[in-house]
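Dear colleague,

Please find below the structure that I am handing over to you. My findings follow directly after it.

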Amino acid sequence: MTQVVQPFSVHVDQAVLDDLHARLARTRWPDAPADAGWRCGTDLDYLKRLVAYWQTEYDWRTHEVMLNRARQYTADLGGVRLHFIHEPGTGPDPLPLLMSHGWPGSVWEFHKVIPMLTDPVRFGGDPSDAFTVIAPSLPGYAFSHNPRQRFSVESIATIFFTLVTDVLGYPRFGTQGGDWGAFVTSRMAWEHPEAVAGLHLNFLPVRRDPQLFERLKAESGETRQFLEALQHFLAEETGYQAIQGTKPQTLAFGLTDSPVGLAAWIVEKFQTWTDNHGDLDGYLGRNELITNIMLYWTTGAIASSFWPYYARLHGPWPIPDGAGIVVPMGYAEFPKEILKPPRAVVESLFRDIRRWERMPRGGHFAALEQPEALAQEIREFFRPLRTR
């Protein structure tokens, strides 16, 4: 590492935690339609129970210790302060692997899967499958919060590539991503195919324009099903994209001032996008949910976390039209993923698909939901790609 890198550990001032608890105690609750449940957004009764737990039982200091078990650093990259985990692998020749999260996630998503990748022997695996994991907080997110700075997918890809190659000194590495991380890592693979050994995704960054799929509609039942899912998604599930992509600052006032508002905005996505079968707490656990929310609350980073949506809506698609990504690609399709485009469409962007696996369970937050399954898929995909 160079001199721009500094060790980092998480520590939130007690005054911030005291202020949080005071705000939680003063919550002014809205009403809700009778029997609304999650149909109109976050369920009122559920959120009251979650906030009560947050106030009386959740222990941030315990989770701060858990976060600090990872080797963390910050780097100053041309005026951009970037936080990242850099966890060395324990095998004979660990492959560097950049893992990238999305919204409304964080590096907390990876706390289960990173040890499985860096130390496969500990989990009954082969030492030759070890990775050295680099997991940055997206610029503008959590501990990479840069007040008044804003970042697009394209700029994030450039920053991450600089971190891995120029700062950490890895000329060849693998990438893995979901949500915005899938866009970022795909952009990197398109721009730097000589450096990216392989691209593994659990989310597919293809356009969501129904007209692009109409020509295939008559040819494939799978495409017809996807088109129906896409039309439902565009009609019922894109409200958050519209506000975050057009008037993000207006939304940021409420979510920066109200921890319950922030929790409502984030937890609804975990309810909708995970394979929880109606039991979100039992599936993920309240501590997992609240710790992720805390990374947004304690850093005040919610406003800047919206910016990839704004940049995306006011600029071109991050992968240029007609571009083809030639880096070997692997995809793990989890059944509760937001959208699951058909392979016939995806092949027009990813020209070298080596692995496409349909997973038995899981959703959008794969590393948090099904870490064992995701780790195994990553190992399988990269095994033949470790040498040139």
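Leu-251, Leu-255 and Asp-257 of helix α10 meet Pro-259, Gly-261, Leu-262 and Trp-265 of helix α11, where contact means heavy atoms within 4.5 Å. The residues of this contact divide into 5 nonpolar, 1 polar and 1 charged; Ala, Val, Leu, Ile, Met, Phe, Trp, Tyr, Cys and Pro count as nonpolar, Asp, Glu, Lys and Arg as charged, and the others, Gly among them, as polar. Helix α10 covers residues 248-257 and helix α11 residues 259-273, and the two pack at about 115° with their axes 5 Å apart. Axes are lines fitted to C-alpha atoms, for helices over the stretch in contact, and angles run from 0 to 180 degrees between N-to-C directions. Helices (H or I, at least four residues) and strands (E, at least two) are DSSP runs, numbered from the N terminus.

Please note that this is a predicted model, in which local features need pLDDT of at least 70 and side-chain atom pairs count only at pLDDT 80 or more, while totals for chains, interfaces and linings use all residues. Residues are numbered from 1 along each chain as its sequence is written, and side-chain values use heavy atoms, with hydrogens and water left out.

An open sheet contains 9 strands in the order β1-β2-β3-β5-β4-β6-β7-β8-β9, with mixed pairing; two strands pair if DSSP finds at least two bridges between them. Strands β1 (5-8) and β9 (353-358) stand at the edges with a single partner strand each, so one side of each has no neighbour in the sheet. From one strand to the next, the twist averages 25°. Strands β7 (residues 196-201) and β8 (residues 329-333) run parallel and are joined by 3 bridges, and His-200 has Gly-330 in β8 as its bridge partner. Helix α6 (residues 180-191) lies across β4 (95-100), β6 (173-177) and β7, at about 155° to β7.

The whole structure holds 20 aromatic pairs (rings of Phe, Tyr and Trp, the last by its six-membered ring, with centres within 6.5 Å; planes under 30 degrees apart count as stacked, over 60 as edge-to-face and the rest as tilted). Trp-307 and Tyr-310 are stacked, because their ring centres are 4.4 Å apart and their planes stand at 25°. These two residues are 3 apart in helix α15 (residues 307-313), which separates Trp-307 from Tyr-310 by about one helical turn.

Yours sincerely
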